Amino acid sequence: LLFLVFVTALSYLLDQDDVGTARISQVTTCSVSAFVFFSCWNFFFQDRPALSNVPEGESLLSCGFWKVFRTFKAMVKEIPPLKWLTLSVMFGESTTATLITIATTYCKHFLEMQSGEIGIVFLAVLVMGAPGSKLGEKVALKTNPIQSAIICNILFIVNTTVAAMTLTGPQHKHFMPLIGGIWGLCLGWQHPMHQTAFITIIPRNQAAECMGLYILAGQIISWLPPLLFTALN
């Protein structure tokens with residue numbers, strides 16, 4: 001949130017165009033990330049003992065892959081809820097991950113919005129993330145994390161469909177912050193629910209391994225929505 005406010009404000013103060021704004025963004029990102037990663041890796045991460053040993057007959061290079069393969073096989077055969085949740089995460093997370101790219105292209109080339117206006121839209125997305133997370137928590141406590149995630153995904157689909165049907169030209173671009181706010185509500189709601197449901201189901205003592213599968217599921221088909229978007233264009 002601070003990053004978006006900083007880049008948007010600085011681009012206005014320096015009267016930068018889209019290219020100048022992108023340069024400010026990249027310089028800020030690289031500088032802050034370099035400092036934070038250097039500090040963490042040098043001063044905060046500590047040594048810890050291994051959680052398991054390399055099985056006999058396997059090498060350090062291959063044992064991790066075989067372990068993940070066995071876990072995935074057991075997940076498919078013995079834990080059907082985890083299998084279906086993983087498939088849900090694959091499609092849901094890949095869609096939301098590419099939302100920024102597709103929405104930015106839509107705003108820029110179809111709604112003819114300037115970079116500052118697009119920044120305001122994504123400012124609304126970020127601001128609404130916190131109340132979205134709180135709303136997801138309340139719904140999950142009254143139902144369960146799975147039902148909460150289902151409601152969130154339905155709202156996300158409906159909002160995106162309404163945006164595609166109503167934002168038909170530059171004359172409607174002033175509605176984009178509202179659409180972006182609802183997207184932010186859904187994003188803040190969706191990610192915690194997916195993670196909560198996943199952590200609840202995974203086998204004990206395999207959290208790190210299974211969370212690796214969770215991250216993989218969220219990224220493995222992230223290429224599909226942009227490809228579909230490109231093909232449609």
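In the predicted model, helix α6 (residues 115–127) packs against helix α9 (residues 176–201) at an angle of about 30°, and the two axes lie 7 Å apart. Because angles under 35 degrees count as roughly parallel, α6 is classed as roughly parallel to α9. The crossing of α6 past α9 is right-handed. On the α6 side, the contact is formed by V121, A124 and V125; α9 contributes M176, P177, G180, G181, G184 and L187. Classified by residue type, this contact of α6 with α9 comprises 6 nonpolar and 3 polar residues, with no charged residues.

Helix α9 also contains Q190. With a relative accessibility of 1%, Q190 counts as buried, because the cut-off for burial is under 20% relative accessible area. When residues up to four places away in sequence are not counted, Q190 touches G92, E93, T96, C152 and N153.

The buried residues in α2 are G20, T21, I24, S25, T28 and S39. Helix α2 has 27 residues. From its first C-alpha to its last, α2 reaches 37 Å, close to the 39 Å expected at 1.5 Å a residue.

How values were computed
Residues are numbered from 1 along each chain as its sequence is written. This is a predicted model: local features need pLDDT of at least 70, side-chain atom pairs count only at pLDDT 80 or more; totals for chains, interfaces and linings use all residues. Side-chain values use heavy atoms; hydrogens and water are left out. Axes are lines fitted to C-alpha atoms, for helices over the stretch in contact, and angles run from 0 to 180 degrees between N-to-C directions. Helices (H or I, at least four residues) and strands (E, at least two) are DSSP runs, numbered from the N terminus. Angles under 35 degrees count as roughly parallel, over 145 as roughly antiparallel, 65 to 115 as roughly perpendicular and the rest as oblique. A crossing is left-handed if the near helix is turned anticlockwise from the far one by less than a right angle, and right-handed if clockwise. Contact means heavy atoms within 4.5 Å. Ala, Val, Leu, Ile, Met, Phe, Trp, Tyr, Cys and Pro count as nonpolar, Asp, Glu, Lys and Arg as charged, and the others, Gly among them, as polar. The expected span of a helix is 1.5 Å times one less than its number of residues. Buried means under 20% relative accessible area, exposed over 50%, partly exposed in between (1.4 Å probe, protein chains only).
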